[in-house]
Amino acid sequence: PPEKPTIIKCRSPEKETFTCWWKPGSDGGHPTNYTLLYSKEGEQQIYECPDYRTAGPNSCYFDKKHTSFWTIYNITVRATNEMGSNVSDPRYVDVTYIVQPDPPVNVTLELKKPINRKTYLVLTWSPPPLADIRSGWLTLEYELRLKPEEGEEWETVFVGQQTQYKMFSLNPGKKYIIQIHCKADHYGLWSEWSPEYYIEIPTDFRVRDM
Amino acid sequence: PPEKPTIIKCRSPEKETFTCWWKPGSDGGHPTNYTLLYSKEGEQQIYECPDYRTAGPNSCYFDKKHTSFWTIYNITVRATNEMGSNVSDPRYVDVTYIVQPDPPVNVTLELKKPINRKTYLVLTWSPPPLADIRSGWLTLEYELRLKPEEGEEWETVFVGQQTQYKMFSLNPGKKYIIQIHCKADHYGLWSEWSPEYYIEIPTDFRVRDM
Amino acid sequence: LPICPNGSVNCQLSLGELFERAVKLSHYIHLLSTEIFNEFDERYAQGRDFIARAVNGCHTASLTTPEDKEQAQQTHHEDLLNLILGVLRSWNDPLIHLASEVQRIKEAPDTILWKAVEIEEKNKRLLEGIQKIIGRFHSGEIGNEVYSQWEGLPSLQLADEDSRLFAFYTLLHCFRRDSNKIDSYLRLLKCRLIHNNNC
């Protein structure tokens, strides 16, 4: 019979829908069919995947109608061919914990040089498009990381729900790499990091005695 | 007859009682008496102000017993003297939406210097004493603002329901003014700002090579 | 991920987590109801003194609900939950029609259209959640008694613009009020049942 498939990932981009992906096991060359089955906590009934296509091969997409965040899903995938069938280990899914938004967008870096004061860097960004329209439904928190271009170690700064951050303590003449990512409702998963942004701190960025 | 009085403001400090104030019109020098009358949605009966004294002159204080939520009060004030009487325009009030809390209290500022990491400032505060947060009847949100002592522009930071905030991006050697205010969770009015608090960021808030 | 012990049959959300999500959802619905009401009020109700006429216009006025903190605190949690369920149910039908009828308002901005649909969807989700919470208290069939019928559809389709706009105004005013009620009661229940009145 076919080897046991493995459910590799379940993600929700906006706490409204979610998708699970699985990895087939070896099928010994026999054409093998995969069926995703799920039950909801406290219910005996077993349901089948409502949509195998929308999210591509080896996936199951749960639209709004099939997505509830008042319950824990118990999900398994069964592989069947002429030699027999085999079922994956169950995967328990709570939609609130699998929310992984897209990265923040419109990241801008601006050096500010106030007259009698030190230059500082202002970062601004916007929530990912999908989350933006649902402000209030998803409470996004942000974290940024930076390091000198040739540095090894990232320094991460958690900035909470702000979409702007001022950095004072930067080294004149240094070039920095900066990225930012976000998470929903402090339960979910961090988004991918945004692309890398570069900024060079001018050498006249003296640290003067005030 | 006396000029028509105007109801200028109605406020509830803790979503349990409320007070309305009015401004008398000109009374032509005749001793004039003011009567606040109100009716409640769904009732024909007209009531008089239960307490003209507690909240000072030209005011009416509604204690808990006289305060209902999710219902519209139709309030008018009548001015009467020997020349006749005149009634204000009606003021429609739903106490739910006139909550303006007192400012937060016990604001503390503390500089923290972790060994190998940057100094940062921790602000903590408590909700205004009148507000019953414990039972969940009232939920407050907070916003703080700060600016360098000689600066012009305030920077405001919305901190949600937390009563603590950590600030990393501060300019070494600079003296800052910080204030905080609060509001009933996304309706009602912002409280007055708390008194101003000062904090000086030490100059040894060194810029290290990363 | 909530790690359910392997082989455990009953991997269940705690009552605390259900209340946490219900409060977050009711908070969001009330935020939307406030925004859509304010937007409609600014755009269509200025100078029409609708508030004076909206008095005793809510179809849920027949549901006797606690009017202040003491009354709410003295109400048993199952009664309060059933009241919340009744208010939510009473809004299912009007919100469906609001979401469709609002499309016909002249130059209704996208934000009003989108929010009407979002409110209808989220209200249904909250209804599902409250039923789940009530189910935790008694497994029997949830009573259907608390409910208030809405007969306001014809008024949303009136030819006379002022009357039609007033009907929308009343609906949005009443929903804003009821969603605030639900939000307040849920917070009280959460603090009472989950945090021992020490939120």
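These legends go with close-up views of a predicted model. Local features need pLDDT of at least 70 and side-chain atom pairs count only at pLDDT 80 or more, while totals for chains, interfaces and linings use all residues. Residues are numbered from 1 along each chain as its sequence is written, with chains lettered from A in the order in which they are written.

**View 1. An open sheet of three strands in chain A.** The order is E1-E2-E5, with antiparallel pairing (strands are DSSP runs of E, at least two residues, numbered from the N terminus; two strands pair if DSSP finds at least two bridges between them). E1 (6–11) and E5 (59–62) of chain A sit at the edges, each pairing on one side only. Four bridges tie strand E2 (residues 18–23) of chain A to E5(A), and Trp21(A) stands opposite Ser59(A) there.

**View 2. An open sheet of four strands in chain B.** Here the order reads E12-E11-E14-E15, again with antiparallel pairing. Strand E12 (155–160) and strand E15 (197–200) of chain B are the edges; each has a single partner strand, so one side of each lacks a neighbour in the sheet. Strand E14 (residues 175–184) of chain B meets E15(B) over four bridges, and Lys175(B) has Glu200(B) as its bridge partner.

**View 3. Helices H4 and H5 of chain C, packed together.** H4 (residues 77–101) and H5 (residues 110–137) of chain C pack at about 155°, axes 9 Å apart (helices are DSSP runs of H or I, at least four residues; axes are lines fitted to C-alpha atoms over the stretch in contact, and angles run from 0 to 180 degrees between N-to-C directions). H4(C) and H5(C) are therefore roughly antiparallel (angles over 145 degrees).

Definitions and conventions:
Side-chain values use heavy atoms; hydrogens and water are left out. Angles under 35 degrees count as roughly parallel, over 145 as roughly antiparallel, 65 to 115 as roughly perpendicular and the rest as oblique.
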